[in-house]
Amino acid sequence: MTIAVLPAAPAAADDLSIWPASTAPLPHGALSVGGVALTAIAERFDTPVYVLDEGEVRGRCRAYRDAFPDADVLYAAKAFLSRAMVRWVREEGLGLDVCSAGELELAVAEGFPADRVVLHGNAKSPHDMEAALRLGVGRIVIDSPGEIARLAAAVGPSGSQKVLVRVVPGVAAGGHEKIRTGTEDQKFGLSLTDGSASHAIARILGRPELELVGLHCHIGSQITEVKPYLTAVRRMVGLMARIRDAHGVVLPELDMGGGHGIAYRPGEPALDLAELARALRAELVESCAAAGLTVPRLAIEPGRAVAGPAGVALYRVLALKRTAGRVFVAVDGGMSDNPRPALYGARYAPRLVGRRSTAEPAAATVVGRHCEAGDILAADVALPGDLRPGDLLAVPVAGAYQFAMASGYNLVGRPPVVAVGGGTARLLVRRETPADFRARDIGA
């Protein structure tokens, strides 16, 4: 089914609802984030550039800790990870969930306690498992039957590793079909309905090298309603009750994953954190009481909701083209630094900064510099009608799944990451250069 999308209405000049809380207007149409003018960042670090508000990240970590004081809050590293992010998350008291040896080793090298890390992955490599066991991760999530014997063999007869089982609860939720992971027709987890999860659990309980401490589920991403989580809780508690009845084992942990949705454009819905915390806890207590179970320790895994709203991407306009009744605004970045629009139709709200325009807004499509017709950053958005080359565009809510998914397409090089806070800016990750590409290419 095709859904018609109308051009986004222009946001009011003072609508900063989706921007970091530290964002403030400056004269002549400029904006500051973390006390630093975005124009100054563009001039100092060039464009494209990712800007990350440290205070916003820390504030969102604290909001989760306050909302879930009796739960384990694990930051989902796949959203955005750097050495600085590892330190911020650790200092704010969150755990970490990782999906590879690379993420794990970066975190541990920066001082993150491995016993506060959970390793995920539907296809863990031998290197992933070796690193997890060598470094002593707290939990490994079993995602497929074949992992059971492999992991047990890697642990060895004299060792023990705590594990969770990832269960597919049959709940459809998420902003796009490509990020819905709670249903049967995708690659993650073990089915609740066909018996795969129960069979895997029985096998794990028979392996002395593996200590089954709980269940895990992740129903999707960019979820803005609480109800799907409550349905998933009921089904997961039902499985825990069946495990008790069949094996005499009461599991002490339940990890409900993440996927907490955020607003990418003014007026869009976002998941209400306070309501999620209240309703999730109430449903867990009620369901356990009905099943005669002790309430397990709850864990959640926010990623996008911590990093996304803290980021802003900056681009320079390179060219404008009016053709077939449309206005294309070409910038110096594109799908190599933000593949989300091309992958699953993510929509953003770019804004002119550094110049106050009095021109009427007009519908425009912001496109990238890459050799792909699908290299579109923002389709049919309202921008000033007098936009011109050299203008600076800022795209809020750019902190999650942009740097993390960036590529080397066309050998353009990935942008740098700059942290702001307290009126200062500092480089976290430098820009990838042609020299970096040449250094990796050792063939002749």
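**Entry 1: Asp 391**

I started with Asp 391, which sits in the loop between strand S18 (376-384) and strand S19 (392-396). I note here that the model is predicted. Is Asp 391 buried or exposed? I looked up its relative accessibility and found 7%. The cut-off for buried is under 20%, so Asp 391 counts as buried.

Next I looked for its partners. I set aside the neighbours within four places in sequence. Asp 391 then touches Tyr 315, Arg 316, Val 317, Leu 352, Arg 355 and Asp 386. With Arg 355 there is also a polar contact, side chain to side chain, at 2.8 Å.

I also checked a distance to Ala 107. Ala 107 and Asp 391 are 284 residues apart along the chain, and 38 Å separates their C-alpha atoms.

**Entry 2: cavities**

How many cavities of 30 Å³ or more does the whole structure hold? My search gave two.

I took the largest cavity, with a volume of about 70 Å³. Its lining is made up of Tyr 50, Val 51, Leu 52, Phe 80, Gly 311, Val 312, Ala 398, Gly 399, Phe 403 and Val 417. Strand S4 (49-53) and strand S14 (311-323) are the elements that give two or more residues to this lining. S4 has the largest share, with three residues. By class I noted eight nonpolar, two polar and no charged residues.

I then turned to the second largest cavity, which has about 50 Å³ of space.

Conventions
Residues are numbered from 1 along each chain as its sequence is written. This is a predicted model: local features need pLDDT of at least 70, side-chain atom pairs count only at pLDDT 80 or more; totals for chains, interfaces and linings use all residues. Side-chain values use heavy atoms; hydrogens and water are left out. On a 1 Å grid over the protein atoms alone, a cavity is a set of points where a 1.4 Å probe fits but cannot get out, and a pocket is an open set with protein on both sides within 12 Å along at least five of seven lines; lining residues have an atom within 4 Å of a point. Grid points are joined across faces, edges and corners, and a volume is the space filled by probe spheres set on the points. Helices (H or I, at least four residues) and strands (E, at least two) are DSSP runs, numbered from the N terminus. Ala, Val, Leu, Ile, Met, Phe, Trp, Tyr, Cys and Pro count as nonpolar, Asp, Glu, Lys and Arg as charged, and the others, Gly among them, as polar. Buried means under 20% relative accessible area, exposed over 50%, partly exposed in between (1.4 Å probe, protein chains only). Contact means heavy atoms within 4.5 Å. A polar contact is a pair of N or O atoms within 3.5 Å; within protein, one must be able to donate a hydrogen and the other to accept it, and residues adjacent in sequence count only if both atoms are side-chain atoms.
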